[in-house]
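The following exercises concern a single protein model. Please examine the sequence and the structure, then work through each solution step by step.

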Amino acid sequence: MLTGLAIALSTTATINYPSYAQQTTFFCGTSRGAPATIARTTRGNIPIIRWISTNFPPPATPQQRCQEVSRRFQVFHDNGTLKYITTGTINDQSVICVASRQGGDCTDVLFTLKPGSNPKRTLLRLLDRRGLAGGNTLDEGGTKRIYVDVADYLGRIPLD
């Protein structure tokens, strides 16, 4: 009987309850008539990026960029690397990328920006600023780079 109780207690203690972040999935959908990378959370669907720019060479249509970047969001989320969204330079190209910690370097590229783009301004424009209000979601710190805490961002952005 004591053995059964010990097994039951140890089993209960090792169960990992899903967190808010683990229940999030990313997909390409539509927001206000445009392709959008959307996070499906316990709170509801949250459009993260609306893909409206046609300034990229064919075949990179807004729909194709939406599908590819949404796929990357999901892969990085599944890998546990989608902690912070920031900007960086990889192979002499400006990118929007993910970092494992605030102040850290890019670990994976979400997407490349067109030449001449201002990465910081682009990131602020892409992410709905309502989700950046309050808290420590946005930190420009001494690095002059923006770090957006993804879990905090998704937890703060108001639902429409």
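**Exercise 1.** Determine how many aromatic pairs there are by the ring rule, and describe the pair of tryptophan 51 and phenylalanine 111.

*Solution.* Step 1. Rings of Phe, Tyr and Trp (its six-membered ring) pair if their centres lie within 6.5 Å; planes under 30 degrees apart count as stacked, over 60 as edge-to-face and the rest as tilted. By this rule there are three aromatic pairs in this predicted model.

Step 2. The ring centres of tryptophan 51 and phenylalanine 111 are 5.2 Å apart and the planes stand at 75°, so this pair is edge-to-face.

Step 3. Tryptophan 51 lies in the loop between strand 3 (44-50) and helix 2 (62-79), and phenylalanine 111 in strand 6 (residues 108-112); the pair thus links distant parts of the chain, 60 residues apart. Here helices (H or I, at least four residues) and strands (E, at least two) are DSSP runs, numbered from the N terminus.

Step 4. Tryptophan 51 and phenylalanine 111 are both buried, where buried means under 20% relative accessible area, exposed over 50%, and partly exposed in between (1.4 Å probe, protein chains only).

**Exercise 2.** Classify the ring pair of tyrosine 84 and tyrosine 147, and state whether each residue is buried or exposed.

*Solution.* Step 1. With centres 6.5 Å apart and planes at 80°, the rings of tyrosine 84 and tyrosine 147 form an edge-to-face pair.

Step 2. Tyrosine 84 belongs to strand 4 (residues 84-90) and tyrosine 147 to strand 8 (residues 147-149), so the pair links distant parts of the chain, 63 residues apart.

Step 3. Tyrosine 84 counts as buried because its relative accessibility is 15%. Tyrosine 147, with a relative accessible area of 1%, is buried as well.

**Exercise 3.** Describe the surroundings of threonine 37.

*Solution.* Step 1. Threonine 37 is located in strand 2 (residues 34-41), and its relative accessibility of 0% is why it counts as buried.

Step 2. Its side chain makes a polar contact of 2.9 Å with the side chain of serine 70. Such a contact is a pair of N or O atoms within 3.5 Å; within protein, one must be able to donate a hydrogen and the other to accept it, and residues adjacent in sequence count only if both atoms are side-chain atoms.

Step 3. Beyond neighbours within four places in sequence, threonine 37 is in contact (heavy atoms within 4.5 Å) with residues including Phe27, Ile48, Trp51 and Phe73.

**Notes.** Residues are numbered from 1 along each chain as its sequence is written, and side-chain values use heavy atoms, with hydrogens and water left out. As the model is predicted, local features need pLDDT of at least 70 and side-chain atom pairs count only at pLDDT 80 or more, while totals for chains, interfaces and linings use all residues.
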